[in-house]
Amino acid sequence: MARATATALDQQQVPGKPLAPVKRLPPSTPRSTPRVVVRVAQGSAWQSRALNRLLPWLLPTALLGLWYLGSERGWLSDQVLPPPAFVYQTLVDLASTGDLWLNASASMQRVLVGFLIGSGLGVTLGLVMGLSKTVEDYLLPSFNALVQIPVLGWMPFALLLFGIGEPLKYVLIAHAALVPVTLCTLQAFHQVPKRLLEVGQAYGFSRRQIVTDIVLPSAVAPIFTGLRLGFTKAWLSLVVVELLASSEGLGYLIAYGRQLFQLDLVMAAVVVVGAVGLLIDRSFEYVERRLNKGRAVIPGRLA
């Protein structure tokens with residue numbers, strides 16, 4: 001409509017004046033979109049990785065520095081916290097005499113036996129509840145009620161049944177590992193990818209084939225997460241049990257140093273407990289990260 005109006009106006013002639021030629025504008029050339037080039041410094045990638053690795057060590061380094069300054073300048077009394085040099089010397093003495101290895105090996109034996117018992121029972125119980133909705137409805141409420149009782153709450157009852165020997169420690173450590181392993185195994189069955197179940201049903205898989213070929217491979221990574229949490233709980237309960245009833249172990253070293261007011265021995269044992277626990281947890285984390293690599297979870301339900 002606008003073009004027709006313009007043409008009509010062009011054809012009209014003003015009386016007494018010749019028609020002036022219409023000037024046409026040259027066609028506009030399309031403008032190319034400017035390219036934005038972002039230049040990244042070559043060293044930024046490795047600098048960011050190095051910074052990410054150093055960040056977790058800032059707080060421990062600052063606390064160690066405050067500990068050293070407090071002991072050197074007299075802010076902290078030796079009866080409150082011994083200097084880091086005393087703790088290091090105590091660690092060297094324990095390692096040279098063999099007491100460190102003796103107590104650490106006793107603790108590792110207890111935690112491994114208790115963890116194997118608790119994780120085996122936990123995986124079995126989680127599998128049974130995950131495969132049968134009826135069993136889950138019967139057992140899960142009672143299980144959730146019993147797991148609210150801490151390890152120390154079971155100590156008097158366990159003392160009456162097992163005495164103060166090694167079976168007491170194995171049972172309490174197994175109880176600590178049982179809870180997270182069972183719950184994570186059950187949760188693994190609830191989080192089976194729904195699309196995989198639909199594909200198995202479309203191909204006519206039997207229930208046994210769905211469990212062995214679809215459910216169990218998909219549940220490996222969540223079950224391993226439960227094993228990692230179970231070992232952490234078992235390691236923590238080990239120290240508690242050895243503090244109360246033991247004649248050897250890392251927890252026993254802590255209790256022995258407290259009774260003799262040797263705080264350097266207490267701190268040395270605490271450092272060893274933390275270092276061993278951190279090393280084992282990082283090993284579990286590495287394996288767990290490898291298992292979860294490229295794994296996408298779509299929540300489903302095993303009917």
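**Close-up views of the α12 and α13 helices**

**View 1. Residues joining α12 and α13 in the predicted model**. Leu250, Leu253, Ile254, Tyr256, Gly257 and Arg258 of α12 are in contact with Leu265, Val266, Ala269, Val270, Val272 and Val273 of α13 (contact: heavy atoms within 4.5 Å). Sorted by class, this contact holds 10 nonpolar, 1 polar and 1 charged residues. Nonpolar covers Ala, Val, Leu, Ile, Met, Phe, Trp, Tyr, Cys and Pro, charged covers Asp, Glu, Lys and Arg, and the others, Gly among them, are polar.

**View 2. Packing geometry of α12 and α13**. Helix α12 spans residues 250-259 and helix α13 residues 263-291; their axes lie 8 Å apart at an angle of about 160 degrees. The two helices are therefore roughly antiparallel (angle over 145 degrees). Axes are lines fitted to C-alpha atoms over the stretch in contact, with angles from 0 to 180 degrees between N-to-C directions. The crossing of α12 over α13 is left-handed, the near helix being turned anticlockwise from the far one by less than a right angle.

**View 3. The chain around the helix pair**. The chain contains 13 helices and 0 strands (DSSP runs: H or I of at least four residues for helices, E of at least two for strands). Of its 303 residues, 32% are buried (under 20% relative accessible area, 1.4 Å probe, protein chains only). Among contacts between residues at least 6 apart in sequence, 73% join residues at least 24 apart.

**Notes.** Residues are numbered from 1 along each chain as its sequence is written, and side-chain values use heavy atoms, leaving out hydrogens and water. As the model is predicted, local features need pLDDT of at least 70 and side-chain atom pairs count only at pLDDT 80 or more, whereas totals for chains, interfaces and linings use all residues.

Terms used: Buried means under 20% relative accessible area, exposed over 50%, partly exposed in between (1.4 Å probe, protein chains only). Angles under 35 degrees count as roughly parallel, over 145 as roughly antiparallel, 65 to 115 as roughly perpendicular and the rest as oblique.
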